[in-house]
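Welcome, and thank you for opening your viewer. We will take a short walk, one selection at a time.

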Amino acid sequence: MIYLDHNATTPLDPAVLEAMLPYLREHHGNPSSVHAAGQAARRGIDRARRQVAELVGASESEVTFTSGGSEADNLALAGVMQAAVAASEPARRELIVSRIEHPAVLEHAAALEARGFVVRRLEVTAAGLVDPEALRALVCEQTALVSVMLANNDVGTLQPVAELASIAHARGARFHTDAVQAAGKVAVDMGALGVDLLSLSAHKIYGPKGVGALVLRRDVALEPQVRGGAQEMRRRAGTENVAGIVGFGAAAELARARLGEDAPRVAALRDRLEQLLAERIPSVTFHGDRQRRLGNTASCGFAGAAGEALVMNLDLGGYCVSVGSACASGKREASHVLQAMGVSDELALSTLRFSLGRQTSAADVEGVVEALVPVVARLREASARAGDRRAAS
Ligand SMILES: Cc1ncc(COP(=O)(O)O)c(C=O)c1O
């Protein structure tokens, strides 16, 4: 099986598994316990907190472990908006999000809206970028929080987050960025970005599923969403997922060490993939900004061939790729990201996302194109014939 769906999830790195095993087998203590068993688990969490902080240029006390990227996004939005209403006078009740955020942000924003908060949505350009001037026009004295992702999961576009954050700050608003897809693929430095809150997920960086973090500056007021204990500096109660957190730390350290080597190698393979697709398949469309994007992601439209059928046919040939984003799979809806970029629903539903990773080889890239060429031709022919029949009847 050739796996080209690393934006959906990544395989657990063997070194990460090794780091986790002692915390599944031996160190079973509760990290809140004062005895030796508890303290062994605590030390594992402390090390992981340092490793995760180092991945994003933050300090240890700024890392709050969560159950993943979705919870980190939810905590950022709910926590800041609720605290802002309680603390600011007059109350800041407005939240700004871009239209291409992950559903963890968009659906939580809609839920806040239903509860009386004001939500404003930023449009993106045809290349999938947020225009800083659009934010400047929207942000105001009532804005409590702006949330714009660092890298998009569907098309890989990298947003001008540093500039956006400084625009938000000029109006006294906080800035959150979802860096779930960016971490491990580009250098992420909270200081350079100037953001107040940043979401991460372990399973996108060759760590375990079900663990992530919200990294937040010490002066950010945050209303906890899970109460009932003093864990995570009272920002998120509950006995910690010790082995998961240890794995996240190991994955973060590995990601930092390997970035310089992995990123250019993977980007060269992705460029080769796009070149081969353009050469071998007529009328391929490439979505997303050509420069400002992740090096591992290719979002390609094959007009006239249904995306789901393409995925299933590639799967039969041993290749795992995705239609739109994994979180949207199961639903036959065009990706909201492509829609926001002005791509027609028809083309969006004929779009595949290839996301390459650490193990991807040149043979994998050549193989998937080889497998795709006859499938696209067959599906296009079938859909043209169906169109002819409709026209004749
Ligand atoms: C940009 C982005 N944010 C958040 C998430 C959610 O992360 P998790 O799966 O850890 O909840 C994902 C996962 O697809 C993502 O791509």
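One word first: a residue is called buried when its relative accessible area is under 20%. Keep in mind, too, that this is a predicted model.

**Stop 1: the whole chain.** Show the protein chain as a cartoon and you can look for 12 helices and 12 strands. Along the principal axes, its C-alpha atoms fill a box of roughly 75 × 50 × 35 Å. The radius of gyration is 22 Å, which agrees with the value near 21 Å that a compact globule of 393 residues would have. Buried residues make up 56% of the 393 residues.

**Stop 2: strand β2.** Select residues 63–66, which form strand β2, and show their side chains. Which residues point one way, and which the other way? Val 63 and Phe 65 point one way, while Thr 64 and Thr 66 point the other way. In a regular strand, side chains alternate between the two faces of the sheet. Here, all four of these β2 residues are buried.

- Gly 69: a polar backbone atom is 2.8 Å from an oxygen atom of the ligand.
- Asp 178: a polar side-chain atom lies 2.6 Å from a nitrogen atom of the ligand.
- His 203: an N or O atom in the side chain is 2.8 Å from an oxygen atom of the ligand.

How much of the ligand's accessible area does the protein cover? On its own the ligand has 390 Å², and the protein covers 89% of that.

**Stop 3: Thr 9.** Finally, select Thr 9, in the loop between β1 (2–3) and α1 (14–25). Is Thr 9 buried or exposed? Its relative accessible area is 16%, so Thr 9 is buried. To end the walk, draw a line from the C-alpha atom of Thr 9 to that of Arg 136: they are 127 residues apart along the chain and separated by 34 Å.

Terms used: Residues are numbered from 1 along each chain as its sequence is written. This is a predicted model: local features need pLDDT of at least 70, side-chain atom pairs count only at pLDDT 80 or more; totals for chains, interfaces and linings use all residues. Side-chain values use heavy atoms; hydrogens and water are left out. A polar contact is a pair of N or O atoms within 3.5 Å; within protein, one must be able to donate a hydrogen and the other to accept it, and residues adjacent in sequence count only if both atoms are side-chain atoms. Accessible areas come from the Shrake-Rupley method with a 1.4 Å probe; for residues, only the protein chains shown count as cover. Buried means under 20% relative accessible area, exposed over 50%, partly exposed in between (1.4 Å probe, protein chains only). Helices (H or I, at least four residues) and strands (E, at least two) are DSSP runs, numbered from the N terminus. The radius of gyration is taken over C-alpha atoms; the globule rule is 2.2 Å times the number of residues to the power 0.38.
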